[in-house]
Amino acid sequence: TRGGARPAPVVLRDTTGTWHPADTRLESDQLITSSTECPDPLEIAYAWANNPIEANLTNSDDHPASPFSLHIEGVSSP
């Protein structure tokens with residue numbers, strides 16, 4: 001990440017469709033997320049906004065990561 005900070009902004013979607021801020025860290029090449037407000041998330045999104053100025057996730061060449069939204073494997077929608 002830029003400046004060595006935790007990856008941001010990362011949010012998790014719960015079964016009601018509500019998005020919650022996630023506590024996020026990097027371990028090796030993996031993005032690890034959790035949220036006490038969303039213990040069983042259905043989806044994760046990063047920089048999923050019109051102008052995510054706080055987006056700080058980069059690759060090894062310091063190029064910014066693209067915004068993404070992904071269904072979480074092994075979790076089914078209600």
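**Close-ups of a predicted model**

**View 1. Glu27, at 38% relative accessibility, counts as partly exposed.** That label covers the range between buried (under 20% relative accessible area) and exposed (over 50%), worked out with a 1.4 Å probe on protein chains only. Arg25 gets the partly exposed label too, at 36% relative accessibility. The side chains of Glu27 and Arg25 meet in a salt bridge, 2.8 Å from N to O; the term asks for a side-chain nitrogen of Lys or Arg within 4 Å of a carboxyl oxygen of Asp or Glu. As a quick note on the source, this is a predicted model, where local features need pLDDT of at least 70 and side-chain atom pairs count only at pLDDT 80 or more, while totals for chains, interfaces and linings use all residues. Residues are numbered from 1 along each chain as its sequence is written, and side-chain values use heavy atoms, with hydrogens and water left out.

**View 2. Strands S3 and S4 make a hairpin with two residues between them.** S3 covers residues 23-27 and S4 covers residues 30-34, and the two pair antiparallel over five bridges. For pairing, DSSP has to find at least two bridges between the strands. Strands themselves are DSSP runs of E with at least two residues, helices are runs of H or I with at least four, and the numbering starts at the N terminus. In the turn, Ser28 has a positive phi of about 55 degrees.

**View 3. An open sheet is built from four strands in the order S2-S1-S5-S6.** The pairing here is antiparallel. Strand S2 (19-21) and strand S6 (68-71) are at the edges with a single partner strand each, so one side of each has no neighbour in the sheet. From one strand to the next, the twist averages 25 degrees; axes are lines fitted to C-alpha atoms (for helices, over the stretch in contact), and angles between N-to-C directions run from 0 to 180 degrees. Inside the sheet, S1 (residues 10-13) and S5 (residues 43-46) run antiparallel and are joined by four bridges. Val11 stands opposite Ala45 in S5.

**View 4. Glu43 and Arg13 pair up through their side chains.** Their salt bridge comes out at 2.8 Å, N to O. It ties together distant parts of the chain, with Glu43 in strand S5 and Arg13 in strand S1, 30 residues apart. In total, the structure holds two salt bridges.

View 5. Most residues other than glycine have a negative phi, and most peptide bonds are trans. The peptide bond from Ala8 to Pro9, though, is cis, with omega near -5 degrees. Pro9 belongs to the segment before S1. Ala47, in the loop between S5 and S6, has a positive phi near 55 degrees without being a glycine. At a relative accessible area of 48%, Asp62 is partly exposed.
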